[in-house]
Every structure is written in structure tokens, then in C-alpha cells.
Amino acid sequence: QVQLVESGGGLVQAGGSLRLSCAASGRTFSTYNMGWFRQAPGKEREFVAAIRWSGGSTYCADSVKGRFTISRDNAKNTVYLQMNSLKPEDTAVYYCAANKRSSLRNAYDYWGQGTQVTVSS
């Protein structure tokens with residue numbers, strides 16, 4: 001089992017940047033695939049980005065490709081989401097999640113509590 005705690009959210013102007021962090025408990029972090037999701041008010045939660053347990057493969061949603069980058073530091077039990085060129089439509093609660101499955105876009109078993117990102121125009 002793994003517990004996840006996100007941080008780094010906040011208020012930023014359009015065009016700005018934020019880096020989200022997700023710290024995981026436990027000594028098995030390096031065996032989990034990690035993902036970032038977001039949920040805007042009145043909308044369903046959507047996939048943002050994911051990274052394999054080894055860090056060897058990363059995936060991003062088309063809506064954030066070229067602007068967001070996911071990375072991980074297994075020595076620090078932390079996964080990051082670097083968000084550049086932020087847009088008002090990126091405003092949402094961002095969640096990190098972990099799984100050991102083959103799928104990276106869904107079927108996550110563990111979730112953090114979320115961190116709010118607000119982008120002003």
C-alpha cells in the first residue's frame with residue numbers, strides 16, 4: 001500500500017508555471033506507475049500524464065502535450081508535474097495516483113487528496 005500527498009498548487013496568471021509534487025510513503029514507490037489527473041468544477045476527472053515505474057516511459061494527454069512534463073525521483077519517493085504556459089482551462093484540482101497495472105490512463109488503485117491549481121486570465 002502507498003499513501004500519496006500532493007503539494008505545489010496555487011494561483012498563477014495565464015502563461016505562468018507551477019510544479020506539482022506528489023510524495024509517496026513506503027519503500028515500494030519505485031515499483032508503482034504514477035499518474036496525474038485533474039478535475040474541474042462540474043466536469044469529470046481526466047487523465048493528464050503518467051510515468052512508468054522505471055521512469056522509462058511517459059505519456060501526456062493531448063491537451064497538455066508540449067506544456068506539461070511528468071518526472072519522478074525514486075530516491076525521493078516523489079513524482080512531479082511541471083506545468084508551463086498555463087491556461088485558464090487548466091484550472092482544476094490535481095490528483096496523483098499509483099498503480100501496478102499495465103494501463104496508465106486508468107485503473108489506479110491509490111489516490112492523493114488533491115491540490116488546487118487556479119489559472120487567472
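This is a predicted model: local features need pLDDT of at least 70, side-chain atom pairs count only at pLDDT 80 or more; totals for chains, interfaces and linings use all residues.
User: Where do I start with a sheet? In what order do the strands of the open sheet stand?

Analyst: Start with the pairing. Strands of a sheet pair through backbone hydrogen bonds, either parallel or antiparallel. Here 4 strands form an open sheet, in the order β1-β3-β8-β7, and the pairing is antiparallel.

User: Which strands stand at the edges?

Analyst: β1 (4–7) and β7 (68–73) do. Each has a single partner strand, so one side of each has no neighbour in the sheet. From one strand to the next, the twist averages 15°.

User: How many bridges join β3 to β8?

Analyst: There are 6 bridges between β3 (residues 18–24) and β8 (residues 78–83). The two strands run antiparallel.

User: Now side chains. Is Ser21 buried or exposed?

Analyst: First, the general idea. In a regular strand the side chains alternate between the two faces of the sheet. Now the case. Ser21 lies in strand β3. Its relative accessible area is 17%, under the 20% cut-off, so Ser21 is buried. Beyond its close sequence neighbours, Ser21 is in contact with Val5, Glu6, Ser7, Trp36, Thr78, Val79 and Tyr80.

User: Val5 is in that list. What is the relative accessibility of Val5?

Analyst: It is 48%, and Val5 counts as partly exposed. Val5 is in strand β1. Setting aside neighbours within four places in sequence, its contacts are Ser21, Cys22, Ala23 and Gln113. Look at Cys22 too. Val5 and Cys22 are 17 residues apart in sequence, yet their C-alpha atoms are 5.3 Å apart in space.

User: Next, strand β4. How many of its residues are buried?

Analyst: Of its 7 residues, 6 are buried, so β4 is mostly covered. β4 pairs with β9 in the antiparallel sense, over 7 bridges. Another 5 bridges join β4 to β5, also running antiparallel. β4 and β5 form a hairpin with 6 residues between them. In the turn, Gly42 has a positive phi of about 75°.

User: Which residues stand opposite Phe37?

Analyst: In β9, Tyr95 stands opposite Phe37. In β5, the bridge partner is Phe47.

User: How do I read a pair of rings?

Analyst: A pair of aromatic rings is described by the distance of the centres and the angle of the planes. A search of the whole structure finds 5 aromatic pairs. Take Phe37 and Phe47: the ring centres are 5.7 Å apart and the planes lie at 75°, so this pair is edge-to-face. Phe37 is in strand β4 (residues 33–39) and Phe47 is in strand β5 (residues 46–51), 10 residues apart. Both are buried.

User: What are the values for Tyr108 and Trp111?

Analyst: Tyr108 and Trp111 are 6.1 Å apart, centre to centre, with 65° between the planes. This pair is edge-to-face as well. Tyr108 is buried at 9% relative accessible area, whereas Trp111 is partly exposed at 30%. Phe37, Phe47, Tyr108 and Trp111 form one aromatic cluster.

User: Which charged residue sits over the ring of Trp111?

Analyst: Arg45. Its charged end is 3.8 Å from the centre of the Trp111 ring. There is a further case in Arg72, which lies over the face of Phe29 at 4.5 Å from the ring centre.

User: What about the core? Which residues touch the most other members?

Analyst: In soluble globular proteins, nonpolar side chains tend to be buried together. The largest nonpolar core here has 36 residues. Met34, Trp36, Leu81, Met83 and Tyr94 touch the most other members. Elements giving two or more residues to this core include β3, β4, β9 (92–99) and β11 (115–120). Tyr94 has contacts beyond its sequence neighbours, among them Leu20, Trp36, Phe37, Leu81 and Met83.

User: Last point: phi. What is the phi of Asn77?

Analyst: Most residues other than glycine have a negative phi, and most peptide bonds are trans. Asn77 has a positive phi of about 55°, although it is not a glycine. Asn77 is in the loop between β7 and β8, and counts as buried at 18% relative accessibility. Ser85 also has a positive phi, near 50°. Ser85 is in the loop between β8 and β9, and is partly exposed at 41%.

How values were computed. Residues are numbered from 1 along each chain as its sequence is written. Side-chain values use heavy atoms; hydrogens and water are left out. Two strands pair if DSSP finds at least two bridges between them. Axes are lines fitted to C-alpha atoms, for helices over the stretch in contact, and angles run from 0 to 180 degrees between N-to-C directions. Rings of Phe, Tyr and Trp (its six-membered ring) pair if their centres lie within 6.5 Å; planes under 30 degrees apart count as stacked, over 60 as edge-to-face and the rest as tilted. Buried means under 20% relative accessible area, exposed over 50%, partly exposed in between (1.4 Å probe, protein chains only). A charge sits over a ring if NZ of Lys or CZ of Arg is within 6 Å of the ring centre and within 35 degrees of the ring normal. A nonpolar core is a set of buried Ala, Val, Leu, Ile, Met, Phe, Trp, Tyr and Cys residues joined through side-chain atoms within 4.5 Å. Contact means heavy atoms within 4.5 Å.
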